[in-house]
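Here's a quick briefing to read alongside the model. Have the sequence and the 3D view open as you go.

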Amino acid sequence: MNVAQVLAIVLLVAAAVIGIARVVRRSSLGDRAVALDALTAVITCALLIGASQADDGLMLDLAVLFGLMGFLASVTVARFIESRKDDQ
Amino acid sequence: MSDILGSAVEVLSAACFIAGALLALIGTLGLHRLADTRSRMHAATKPATLGVALCALGAALQLSSTSDVTKVVVIVVLQLVTSPIGAHMLGRAVDDK
C-alpha cells in the first residue's frame, strides 16, 4: 500500500467520523438522511481505494452494492418524510 | 519507456485518490458548517458524484483485469444516474421554512 492510498484512507476516515457526528447529533430527519447519503459515498470511495490496493473484484461488488443501497435509502427516507407531512 | 508510463499512471491515480478523499472530507465538513438543509445537500452531493468518480478513475488506472474496470464503470454510471434522483427527492421532502 503506497503513501497516497494511506493518506486518502486517512482523509476518508476523518470524513466518515465527521459525517457520523452529523448523524448522531440532534438534527432533523432530512439532515440525517443527507448525512447518511454522504456517508455511503465516503464508504464507496474507501472500497474503491481498497479494491485498487488488493486488485480484488469482491470489493468492487461491495462498492456497487453500497451505491445502490445509498440511493434506495435516501429515496425511502424522502418518501417517508413526504408521507408524514401528508398525515399532519 | 513503459517504466516512465507506469510511474506516470501511478502518480495520476494517487492524485485522483487524494482529490476524491479531500472532496469527501470537505463535503462532510460542509454538513456541519452550512446553514440550512438544502445548502447542506449542496455540500453533501459533491463527494457523492465527483468524489466517487475521482476515486473510481484512480482505481481503474491501477486495476489489472478488464472485468474489474467494467465494474468500476458500472459504479460511476450508477452513481451519476441515482445520486441526482435521490437528492431531488430529498430536496422536495425536506421542510420549507
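This is a predicted model: local features need pLDDT of at least 70, side-chain atom pairs count only at pLDDT 80 or more; totals for chains, interfaces and linings use all residues.

**Chain B overall**

- Reading from the N terminus, the elements go α-α-α.
- The C-alpha trace of chain B spans about 60 × 25 × 10 Å along its principal axes.
- Of the 97 residues in chain B, 43% are buried.
- If you look at contacts in chain B between residues at least 6 apart in sequence, 62% of them join residues at least 24 apart.

**How α2 and α3 of chain B pack**

- Helix α2 (residues 37-62) and helix α3 (residues 66-93) of chain B have axes that come within 9 Å and cross at roughly 175 degrees.
- Angles over 145 degrees count as roughly antiparallel, so that is what α2(B) and α3(B) are to each other.
- On the α2(B) side, the residues making the contact include Arg38(B), Met41(B), Ala48(B), Val52(B) and Ala56(B).
- Across from them, α3(B) supplies residues including Val69(B), Val72(B), Ile75(B), Leu80(B) and Leu90(B).
- By class, this α2(B) and α3(B) contact has 14 nonpolar residues, five polar and one charged.

**A closer look at Val77(B)**

- Val77(B) lies in helix α3 of chain B.
- Val77(B) counts as exposed because it has 12 C-beta neighbours inside 10 Å, and the cut-off for exposed is 12 or fewer.
- Val77(B) and Ala53(B) are 24 residues apart in sequence, and their C-alpha atoms are 9.0 Å apart in space.

**Where chain B meets chain A**

- The contact takes in 43 residues of chain B and 42 residues of chain A.
- On the chain B side, the elements giving two or more residues are α1 (2-33), α2 and α3.

**Helix α2 of chain A**

- Helix α2 of chain A covers residues 29-54, which is 26 residues.
- From first C-alpha to last, α2(A) reaches 37 Å, close to the 38 Å expected at 1.5 Å a residue.
- Since 20 of its 26 residues are buried, α2(A) is largely enclosed by the rest of the structure.
- Just after α2(A) comes Asp55(A), which takes a positive phi of about 50 degrees.

Conventions
Residues are numbered from 1 along each chain as its sequence is written. Chains are lettered from A and ligands numbered from 1 in the order in which they are written. Axes are lines fitted to C-alpha atoms, for helices over the stretch in contact, and angles run from 0 to 180 degrees between N-to-C directions. Helices (H or I, at least four residues) and strands (E, at least two) are DSSP runs, numbered from the N terminus. Angles under 35 degrees count as roughly parallel, over 145 as roughly antiparallel, 65 to 115 as roughly perpendicular and the rest as oblique. Two residues are in contact if their C-beta atoms, placed from the backbone, lie within 7 Å. Ala, Val, Leu, Ile, Met, Phe, Trp, Tyr, Cys and Pro count as nonpolar, Asp, Glu, Lys and Arg as charged, and the others, Gly among them, as polar. The expected span of a helix is 1.5 Å times one less than its number of residues.
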